[in-house]
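Hi everyone, thanks for coming. I'll talk you through one structure today, starting with some charged side chains and finishing with a sheet.

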Amino acid sequence: MKLFLAATSLFILLVSASCHAITLKLDPEIDLLVLDGRKISGSLLKGADGLELDRGQHQFLFRVDKAPTSASNNGPHYQSVPMIVTFTASGKTVAIRLPALDSRRERHAFDKSLNFQLIDEQGKEIASIRDHLPMPSGGDLEQAMLNYNRNGQAASVPRFAVQTSSTPDVQLNADFAWQEASDLPSLQRWFERFDAATRLRFLSWMKTLRAS
């Protein structure tokens, strides 16, 4: 019975979220590092071709990680500098369109000029503000983005500068263990596509069900 109620609650929550969401399309060459001030884990994005977000203002920190091709002899791979983009989306999808990055010259220009585009489902460019993030000495990109947003930089979003209590992915996975992996595998994969706030709302419902 609890499993049925949990599945029903998840369905209602995710359908409701989908009605007010945009889909961030994920390019395999783009490594999404921090989203709206929160670090994004590889486990959340693994195998996904999109990520559901609320409509409105968002901020990404990402870098490009490009494997060598037969047309390129510029080393084993190319990894760009960390790039920040802030934008407001109201359409159905958003994607990052990259320029050609085959030569050293193209890659150097990209690192300097941030000449990518954000596009919607019709291929129209979405207005955005871009900036670089210097690599932090300790490698903590989430903290570096908190500091960036606190300091009023070009692409800062003050509300993403607030340190919030975060539930690590391992805890999210543990809390979701109310089901066996074989029970609702497709539902769990759908659940994992949503942002942390949506997942946490559902998990709070689950804890209420457990206590009843």
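Okay, start with Asp31: at 29% relative accessibility, this residue counts as partly exposed, because that label covers everything between buried, under 20% relative accessible area, and exposed, over 50%, using a 1.4 Å probe and protein chains only. Before I go on, some housekeeping: this is a predicted model, where local features need pLDDT of at least 70, side-chain atom pairs count only at pLDDT 80 or more, and totals for chains, interfaces and linings use all residues. Residues are numbered from 1 along each chain as its sequence is written, and side-chain values use heavy atoms, with hydrogens and water left out.

So what does Asp31 pair up with? Its side chain meets that of Arg63 in a salt bridge, at 3.8 Å from N to O. By salt bridge I mean a side-chain nitrogen of Lys or Arg within 4 Å of a carboxyl oxygen of Asp or Glu. Side chains of opposite charge can pair when their charged atoms come close. This pair links distant parts of the chain, with Asp31 in strand β2 and Arg63 in strand β5, 32 residues apart. When I say strand or helix, I mean DSSP runs numbered from the N terminus: helices are H or I with at least four residues, strands are E with at least two. Arg63, at 17% relative accessibility, counts as buried.

How many salt bridges does the structure hold? There are 4. One of them joins Glu29 and Lys66, whose closest N and O atoms are 3.2 Å apart. Here too, distant parts of the chain are linked: Glu29 sits in the loop between β1 and β2, Lys66 in strand β5, and they are 37 residues apart. Glu29 is partly exposed at 25% relative accessibility, while Lys66, at 10%, is buried.

Another salt bridge brings together Glu142 and Arg38, at 3.9 Å from N to O. Glu142 is in helix α4 and Arg38 in strand β3, 104 residues apart. Arg38 is partly exposed, with a relative accessible area of 25%.

Now the sheet. Four strands form an open sheet in the order β4-β1-β8-β9, with mixed pairing; two strands pair if DSSP finds at least two bridges between them. The edge strands, β4 (50–54) and β9 (117–119), each pair on one side only. Inside the sheet, β1 (residues 21–25) and β8 (residues 93–97) pair in the parallel sense over 3 bridges. Look for Leu24: its bridge partner in β8 is Val94.
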